[in-house]
Each structure stands twice: as C-alpha cells, then as structure tokens.
Amino acid sequence: MPSIAGSRSSPMSIAGSDVSSPQKRRLRSNSALLDDLVSSPPSKPCSPLKSKSPRRCMADSPNKSQANGNEMVASHNLTKMIKSPKKRLLDSFLDKPIWNPTDSQQLSAVKEAMHVSTAPSMIVCREDEQKRIVEFCKQCFEQEKAGSLYICGCPGTGKSLTMENVKGSLAVWAKETGGQLPEILTINCTSLSSTSEIFNKILGKSQPQKKLNGRSTPLRQLQQLCSQKQQSSGMKMTLVIADELDYLITKDRVVLHDLFMLTTLPFSKVILIGIANAIDLADRFLPKLQSLNCKPMVVSFRAYSLEQIIIILKQRLMALPYTVFQPQALELCARKVAAASGDMRKALGICRGAIEMLETELRESSCTSNLSSMVRVDHMAIALSRAYKSPIVDTIQSLPQHQQGKEGYNNRRVKQVYIDVCKSTLIPPVGIMELSCMCRVLGDQGILKLGQSRDDKLRGVTLQVDEADIIFALQGIRFFRNCLQ
C-alpha cells in the first residue's frame, strides 16, 4: 500500500522562524508570507543620526566621505527594495482607508469575504497536510495501485476545504504531465439511504457502462472485479472521497471494514480517502483494520491555534481595499475561539456577528458622526457572548466568588487547592463545612459530580462540564483570569 515517507512537520513551523537575510526571504513560500500577518507591536521609530566622533572625522577624507555618502544612498535604496515581507504586508493591511458600513456594496463584500462558504484564494496553515494527501494520490495514480487514507480532525479545521484544493492540484498535475485523471467520486455518507449504498455508487462510477447484476450485490461484484485480472481490465481507476465517515462507523462497522478492504484486493483500482470529524475514531476502528491488513495512512488536522486563526482572518480581509476590524477585535475573536475549539467556521461566524453589532449600533444611533466605522472590541465581545452563550456559562458566571472553581479530585484535594488559591489572592477562605456545602450546591446544578463515601473528606469530585465553558465564563474577570493562569 502506498505510503508517504518523511516526518510530519507543523504547518505553523515557519511562523516562528527568523528572517536573517534577503536570500532567505526570497526562498520563502507564499504561505510563509501570509504567516507574517500575525499582529505584532509596531517597530520603534528610527533614532536620529548620531554625530561622528572627532577621531572618526579626522580619519575620513573628503573623497571617502563622498564615497560613504553614495554608499548610504545605495544602501537606503536597497533597504527599500528588500523591505521585509512582514513589514510590507502589515503596512498594506493597515494603510487602507476605513470602510463605510453604510455603503451596501461594501457591507455585502465584507460579509461575503467572511462567509464560511466563500473559498479563499489559497489555503494557508494546512500546507503540510495538503502536500501529504496530494503526494499519496500521485503515488497511487502513477503506480496504478489502490490505497487508503484516513483524514481526521475536529469540525472547522479545514478538512473539506483542503480536499477541494487537493482535487484542483491533482487536475493541474494531470494536465502538466499529460496523464489522465482518474474518476473522482465524492460521497457524503450521511446522505446514503443505507450504508451499503456506497458500494452501488462506487460500482456505477468505476463501470458506468455496465449494467448491475441483480443476482449479486454491488459489494460482491466489486470484490469480483478487484480480485480477477481479466475482469479488472475494464475497471476505471477511481478516487473515492467518503466524507462524514463517522456515519458508517456508528451505523454499520461491517460496511466500513468491507469498504477499506476493497483497496487491498490484488487487482483493485479503488483509492479511498475517508474523512471524519471525531479525532478518536482512529483509535476505535484502526486496530480492527490493521488486523484485516487494510490499515490506512492517517493525516490528522489539529485545531487551529490563535496565530493560525489570525492569519486566516487577515488573509480573507486582505482582498478588501479598506480596513474593517480593529486589530484588537480580531485578536479577541481568535483568542476566544482558539481556547474553546479552534473551529475556523465558528470564528468566521462570530466576525459576521460583530459586523451585525456595528450595523445595529449605526442604525439605532441618532448621531453617527461620533461613532467609529470599524468593528471594535466591544462589538466582538457581544458577538462572542452570543456565540458561546449557554446555560452552563450563565450558571458559572452567576455563582458567588467562592463557588467558582476549575476542577478537583476529592474533597480533601479540593480544600487544599481552594486554600492555596485564597492565600495567593489574599482573600479569607471559608470553613470546611461551608466548602462541602458549596460543592453540594454545584452538584445540584450539574457542574460537579460528587461520589459516594462515608468519609466526607474522601468523597470524589468530578467536573461535569466542559473546561472551556468554565474558562470562557471566568476569563472576563481579572481575578479569576489570574487564578486560571
């Protein structure tokens, strides 16, 4: 089975690299340039020219001074030509005029740019994953061999978008090399009337001219085609992209196993790429596939980080000829989303919500001359609170100060952590009985689960809510933000 050699590197590995010479700058890829869009403090203004010391003035001749002057001019021109990509791109972003949200055309363009259905001009922060998938497909096509690949990652991490780019890259590669691109079949598993229908679709794509034999199932016919050289000669090379693979795992795992086993038959021409949202599915079903000798190559899409979310947001905004968001507003959105889920679709939705907050403010205000046209931090904060509003967050935010905490193991451990926090923050702790009572209240509200024990000190305490909800609920208050850190 084809496999891609080489260690996997982080897609953000370039972001922290230092540009030490013009030569290195020229060697950087477009994605690396976009990587420099992350907000950074403005550079310090140049200091005034220092006067030369008397000793240096005596050593300099008039001719030498003129030569040095010419060298300084040439150096200045060269510096302008090779201005760092980071400074150049940041200047182009900040030097734009502020947009006019009352202009319907501008408003429509901004909303479209930040819509999840709008495909960006290029994929950033997923270059490594895309390269591995493309190389896998090329290897299968060139060797005319079957193979399987499994893509996993949380929702909103760019899996489907990357696959669309992969298909485009493969089409360009086939045109450049003069090769023939295999049949591509994209299936959303949730749209199948039955799980076994997927074999019917594959058979119809790989042999469109052949009528289906009613006496045999599509799976059996595919197995026969892939097992006999004479019959497989009329079968087309087919790339099957099975999205929402979670559906097959939960509904019918036998169908999933049969699907991957098609790629291991001796004369198979099926290349399978399965995509799933749950990141633990690999651990749940890969051991069984390995025992069946059909373990796929795995490509994991990790949640977007703070820096990556900022890069992607600014990449979308670069196409606009005006400035829409305050940099601090974009950073706030990226920070909250990265802490909660790293879902890029969520970040785009929140940005659109912040734009709607600005619309409402301008519409309801009688005097718009004093209002800034940019989307500010307060607009973004309202959009974030609405996006992540949940009963759990409301409950945590409404708790008394002493009942807001992060996690624990048993009452004894909870008491010790609680006392340590109180000492570090210089607030008086409550007694053990009051602390136990607070834990019971939190248990009644579904935030904690209290175990059974005769000794109250040894009673287990388990957190019942998502830790991200707790962090989001408390990070707006400086006291608790310091405690959580």
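Predicted model: local features only at pLDDT ≥ 70, side-chain atom pairs only at ≥ 80, totals over all residues.
The protein chain has 485 residues, and 40% of them count as buried. Its secondary structure comes to 23 helices and seven strands. Among contacts between residues at least 6 apart in sequence, 78% join residues at least 24 apart. The accessible surface of the chain is about 27,200 Å², and carbon and sulfur atoms account for 52% of that area.

Buried here means a relative accessible area under 20%. The cover extends to both faces of strand 3. On one side are Thr-238, Val-240 and Ala-242, and on the other are Leu-239, Ile-241 and Asp-243, all of them buried.

The pairing of strand 3 can be followed to two other strands. Strand 2, residues 183-188, pairs with strand 3 in the parallel sense over six bridges. Within this pairing, Leu-185 stands opposite Val-240 of strand 3. Strand 4, residues 270-276, also runs parallel to strand 3 and is joined to it by five bridges. Here Ile-241 stands opposite Ile-273 of strand 4.

Strand 5, residues 297-301, has one covered face and one uncovered face. Met-297, Val-299 and Phe-301 make up the covered face, while Val-298 and Ser-300 make up the uncovered one. Strand 5 pairs with strand 1, residues 147-153, in the parallel sense over five bridges. Ser-300, on the uncovered face of strand 5, is the bridge partner of Cys-152.

Rolling a probe the size of a water molecule over the atoms shows where empty space is left. The second largest pocket has a volume of about 450 Å³. It is lined by 27 residues, of which Gly-156, Gly-158, Lys-159, Leu-161 and Arg-345 are the closest to its centre. By class, the lining has 13 nonpolar, eight polar and six charged residues.

Which helices each supply at least two residues of this lining? They are helix 8 (159-177), helix 15 (306-318) and helix 17 (344-364). Helix 8 gives the most, with four residues.

How values were computed. Residues numbered from 1 in each chain as written. Heavy atoms only, no water. 1 Å grid on protein atoms, 1.4 Å probe; cavity = no way out; pocket = protein on both sides within 12 Å on 5 of 7 lines; lining within 4 Å. Points joined across faces, edges and corners; volume = space filled by probe spheres on them. Nonpolar A, V, L, I, M, F, W, Y, C, P; charged D, E, K, R; others polar. Buried < 20%, exposed > 50% of the residue type's maximum accessible area, 1.4 Å probe, protein only. Pairing = 2+ DSSP bridges. Contact = heavy atoms within 4.5 Å. Areas by Shrake-Rupley, 256 points an atom, 1.4 Å probe, with all protein chains shown as cover.
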